[in-house]
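Please look over the sequence and the model below.

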Amino acid sequence: MGCCCSSCCGAGICVFGCLRVRIVAEIDLPDNSQDRLYAPLLAESEREAVSVLLRYLENRGEEDFFSSGPLRALTTLVYSSNVDLQRSAALAFAEITEKDVQAVNEETLSPILLLLQSPDFEVQRAASAALGNLAVNNDNKILIVEMGGLEPLIKQMLSANVEVQCNAVGCITNLATHDDNKVKIARSGALVPLTKLAKSKDERVQRNATGALLNMTHSDENRQELVNAGAIPVLVSLLQSEDADVQYYCTTALSNIAVDAMNRKVLTETEPKLISCLVQLMSTGKVKVQCQAALALRNLASDEKCQLEIVQAGGLPPLLRLLQSNVPQLILSSVACIRNISIHADNEAPIIDAGFLKPLVALLKQNGNSNANASTPVLSSATEEEIQCHAISTLRNLAASSERNKKAIVEAGAVDKCINLVLSAPSSVQSEMTACIAVLALSDELKTYLLSINIINILIPLTSSPNPEVQGNSGAAIGNLSSKVGDYSAFIKAWDAPDGGISGYLKRFLTSNDLIFEHIAAWTLLQFMEGGDKILISLIEKSSDIMVAVQSLSVREVSTEQPTNGDLIEMEDAEAESEIIALAVRVLKIIDENR
């Protein structure tokens with residue numbers, strides 16, 4: 001599985017509830033005296049616009065604001081030189097767009113963008129609220145940026161007024177959820193003020209700013225821009241925020257930044273407390289933060305140094321707790337993390353000693369299992385498949401370098417689960433399961449046991465899988481079982497069946513024209529010949545198809561042309577061909593010696 005890159009903070013952040021106002025509080029003209037008071041200040045067009053707007057607000061369910069007179073009336077107030085009317089227009093836009101978000105055109109956005117440029121804080125605050133509300137719609141997100149909305153929003157982020165900052169940043173956050181806008185925002189100069197506002201003492205500003213930074217972490221280029229803007233130390237410092245949303249945004253942003261190898265290097269070299277902070281967050285009360293902390297550690301654990309540091313920082317106990325939870329996303333994030341950690345050989349024993357084997361094996365189950373109890377989470381097929389891949393891959397990693405570990409994994413029931421599930425599992429899970437069996441089959445102590453439970457009958461059908469990885473892993477497992485096993489009766493019994501048996505598998509691989517498959521089959525044949533079982537050797541000699549294939553491989557000519565441009569692949573292929581030829585020659589030599 002590849003590194004994980006986490007999701008953005010939803011379709012958008014709407015933070016404008018404080019702007020629920022009644023427009024009539026600003027422009028109500030209840031009697032003649034009030035009319036006379038405003039008469040010198042309002043042009044006729046403005047008075048008419050006020051009347052139209054008031055009628056709309058009293059009967060707003062009867063007409064569409066965006067396609068009829070009310071929009072034109074409100075636009076008239078926007079272009080007024082009367083700041084009170086501009087404030088009323090901005091507040092009306094904010095209230096209307098909060099309750100009615102739809103795709104709009106330039107006729108709607110132009111007056112709002114004009115209001116953004118007002119020197120009046122109240123106008124700015126309400127106008128950016130209206131724009132942020134409209135920016136929840138995907139079509140509007142594109143249009144706002146195309147019409148030049150970023151520049152005035154950036155200026156408002158630098159405002160001395162906290163309310164203006166809050167709404168401007170919230171709008172940028174919403175705009176940044178659209179992929180087409182991300183690069184434009186990164187290049188607009190918005191990242192530096194966003195990073196600065198992430199340290200704001202106002203929780204709303206901080207929350208919106210960190211949400212915007214998160215939304216900018218979904219491409220390589222933007223992540224690098226964020227690193228250059230100095231976002232990493234700010235995001236790391238905010239991991240200890242008391243606000244769960246800020247923790248979530250920062251943890252997720254750091255997880256995404258850690259996808260890139262160069263950024264991981266920056267993170268580990270400049271933020272020595274990062275791993276311990278993330279380990280601590282896995283024990284927090286908020287599920288979404290726990291999940292993202294585990295995913296961030298998973299991405300960091302793509303590097304060998306971090307794999308060790310996570311264990312040294314006490315990461316195993318909280319990961320085990322998450323692995324045994326009833327929340328699918330916690331299970332997935334923790335098992336993905338432990339998979340990467342288990343790659344390091346020095347972590348194998350600590351993981352096993354921490355008690356991970358049985359919980360990992362327990363994850364190898366079919367969804368909707370009738371034996372599951374009420375506390376067992378029901379997973380979607382995609383989530384279950386990914387969890388199983390990570391779980392069995394972890395077991396394979398743990399088995400890599402120790403006979404003790406291999407034996408412990410078998411005793412924990414991993415092989416039994418594989419036998420029960422592998423033939424009906426998705427190909428991705430089959431690939432991981434057969435790879436794990438191939439590693440376990442390297443153990444001289446376990447070969448006899450594995451053969452006694454008829455694992456050969458499971459592996460043979462998988463050698464003809466449509467998935468090349470499953471084929472190769474299954475063939476490799478058979479080959480590993482065939483080496484120095486002593487008793488070859490299991491191979492003899494399976495010579496013709498199931499599914500063509502051992503003989504059919506050998507014929508397919510020897511004639512596959514695939515260097516990997518040819519090598520596996522030739523090496524397996526050599527193990528059979530060196531094993532000295534007369535019955536098995538006789539079966540091989542009597543198979544004309546196998547003998548012809550081996551003879552053909554033994555006389556194959558290796559290309560003597562020098563590779564062009566230092567082509568490493570051509571060199572490796574030539575070496576592989578030479579080794580296959582040598583194996584075939586050795587098989588034929590032993591046959592000749594036994595005659």
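In this predicted model, a patch of negative charge on the surface is formed by E106, E146, D179 and D180. One of these residues, D179, belongs to helix α11, which spans residues 179–187. The relative accessibility of D179 is 57%; exposed means over 50%, so D179 counts as exposed.

The aromatic side chains are the next topic. Seven aromatic pairs turn up when the whole structure is searched. Among them is the pair of F65 and F93, whose ring centres lie 6.0 Å apart with 85° between the planes, an edge-to-face arrangement. Distant parts of the chain are linked by this pair, since 28 residues separate F65 from F93. F65 sits in the loop between α3 (44–58) and α4 (69–78), whereas F93 is in helix α5, residues 83–99. F65 and F93 are both buried.

How are the rings of Y488 and F491 arranged, and why does that pair count as tilted? Their centres are 5.8 Å apart and their planes meet at 40°. Planes under 30 degrees apart would count as stacked and those over 60 as edge-to-face, so the Y488–F491 pair is tilted.

The same cut-off approach applies to burial, where the limit is under 20% relative accessible area. Y488 has a relative accessible area of 2% and is therefore buried. F491, with a relative accessible area of 0%, is buried as well. Together with F528, Y488 and F491 make up one aromatic cluster.

Key
Residues are numbered from 1 along each chain as its sequence is written. This is a predicted model: local features need pLDDT of at least 70, side-chain atom pairs count only at pLDDT 80 or more; totals for chains, interfaces and linings use all residues. Side-chain values use heavy atoms; hydrogens and water are left out. Patches are made of residues with over 30% relative accessible area and no salt bridge: like charges are joined within 9 Å, nonpolar side chains (Val, Leu, Ile, Met, Phe, Trp, Tyr) within 5 Å. Accessible areas come from the Shrake-Rupley method with a 1.4 Å probe; for residues, only the protein chains shown count as cover. A salt bridge is a side-chain nitrogen of Lys or Arg within 4 Å of a carboxyl oxygen of Asp or Glu. Lys and Arg count as positive and Asp and Glu as negative; His and the chain ends are not counted. The place of a charge is taken as NZ of Lys, CZ of Arg, CG of Asp or CD of Glu. Helices (H or I, at least four residues) and strands (E, at least two) are DSSP runs, numbered from the N terminus. Buried means under 20% relative accessible area, exposed over 50%, partly exposed in between (1.4 Å probe, protein chains only). Rings of Phe, Tyr and Trp (its six-membered ring) pair if their centres lie within 6.5 Å; planes under 30 degrees apart count as stacked, over 60 as edge-to-face and the rest as tilted.
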